[in-house]
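Dear colleague,

I am passing on a structure that I would like you to look through, and my notes on it follow below.

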Amino acid sequence: MAFKELVFSGVQPTGNLHLGNYLGAIVNFVKLQSRYECIYCVVDMHAITVWQEPAELRKSIREVAAAFIAAGIDPKAHIVFNQSQVPEHAELAWVFNCVARLGWMNRMTQFKEKAGKDRENASLGLYAYPSLMAADILVYRATHVPIGEDQKQHLELTRDIAQKFNNDFKAQIETAGFADGLFFPMAEPVITGPATRVMSLRDGTKKMSKSDPSDYSRINLADDADTIAQKIKKAKTDPEPLPSEEKGLEGRPEADNLVGIYAALAGSTPAQVLSEYGGGQFSTFKGALIDLAVDKLGPVGAEMKRLTSDVTYIDGILADGSARARALASETMRHVKQIVGFVGP
Ligand code: AQP
């Protein structure tokens, strides 16, 4: 069966939305709007898999919605909403908890990283996170999912869940009118942003992350020009000058990361950046990177601030998007309940 092409992706409202989220995901979300119908979700139920202060969570949900719009997502032409307003995500996640196998979940590297040594104390929600993510995508039967590198394994699991559901319930799917026995699509990852893995400014071997305790490890979208400048000035480098060719970046993770960030923001390539700055000192290059970052991120940050101060507007966008999302999700759940064998209208 040919599934209707549809894009779904989400961002967690866990505070400190950063350059990695922007270049790895949001910039790509904006681009895809011209080719596909898109659904972009503030995944607040994922956020509470680790402790969130309720007042901060509320603020972060509005901030992610504002970032989507400030970056150029059109909430009228597409759908922007927060996950908890569409209960079908949780409903389908439960069905998927019963389809997915413990062995599959045990392989998820993000759980291992986030649970750390204190595994016994991690929430059950954190463990089941990939099952909810599969539900987010498949409740819309989405075909394309723009994500950063780090989410690739979760998307593979989404495909495994879709395939097992299609196999387990093949006969019922056909009876429900899906003649080829395929109810859920094999969603494709779209990992093609300008920078699919932005690294920490303090350690080029670790990804830039919202939960890094050091604010100097990341550039937040809400940072003002002075803060951006400070963070880039303090970013870790090595004593060598920049190489003139890309292969000279091998084994130099911090240099590689800063050159990658420059290229992504400028819409060029690392080779082009090195042809201009190769052989020079980091201080000169960092100065140029500060100007570029402030120029590109400043307007997004300012618009985000303007929008977050208008709570009525943002909440209106989320309510409207949630109603439209729910109309689609409830249709999928109606079929799922019939396929699984639940009794109801
Ligand atoms: N460093 C990164 N480089 C490129 N893409 C990234 N993404 C995250 N970090 C980078 C992509 O941003 C999207 C939204 O991510 P998320 O909010 O769902 O959570 P995450 O992947 O767990 O991101 P963080 O910022 O690292 O949060 P914490 O610290 O809470 O784990 C996703 O598409 C992601 O790939």
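Leaving aside its neighbours within four places in sequence, with which residues is Asn-21 in contact? Taking contact to mean heavy atoms within 4.5 Å, the partners of Asn-21 are Asn-16, Ile-26 and Lys-210. Asn-21 lies in helix H1 (residues 19–32), where helices (H or I, at least four residues) and strands (E, at least two) are DSSP runs, numbered from the N terminus. With a relative accessible area of 15%, Asn-21 is buried, a word that stands for under 20% relative accessible area, while exposed stands for over 50% and partly exposed for what lies in between (1.4 Å probe, protein chains only).

Before going further, please bear in mind that this is a predicted model, in which local features need pLDDT of at least 70 and side-chain atom pairs count only at pLDDT 80 or more, whereas totals for chains, interfaces and linings use all residues. Residues are numbered from 1 along each chain as its sequence is written, and side-chain values use heavy atoms, with hydrogens and water left out.

As for the whole protein, its secondary structure comes to 14 helices and five strands. The radius of gyration, taken over C-alpha atoms, is 21 Å, close to the 20 Å that the globule rule (2.2 Å times the number of residues to the power 0.38) gives for 345 residues, so the protein is as compact as a globular protein of that length. Taken along the principal axes, the box that the C-alpha atoms fill is roughly 70 × 45 × 40 Å. Of the 345 residues, 51% count as buried, and among contacts between residues at least 6 apart in sequence, 77% join residues at least 24 apart.

Helix H4 (residues 88–97) may interest you, as its buried residues are Glu-88, His-89, Leu-92, Ala-93, Val-95 and Phe-96. These residues cover an arc of only 160° around the axis, which puts them on the same side of H4; the arc is that of the directions from the helix axis to the C-beta atoms. Among the elements that cover the buried residues of H4 are strand S1 (6–11), strand S3 (79–82), helix H8 (152–168) and helix H14 (311–340).

Lastly, Arg-306 has its place in helix H13 (residues 282–308) and, at 52% relative accessibility, counts as exposed. The C-alpha atoms of Arg-306 and Ala-66 are separated by 8.6 Å, although the two residues are 240 residues apart along the chain.
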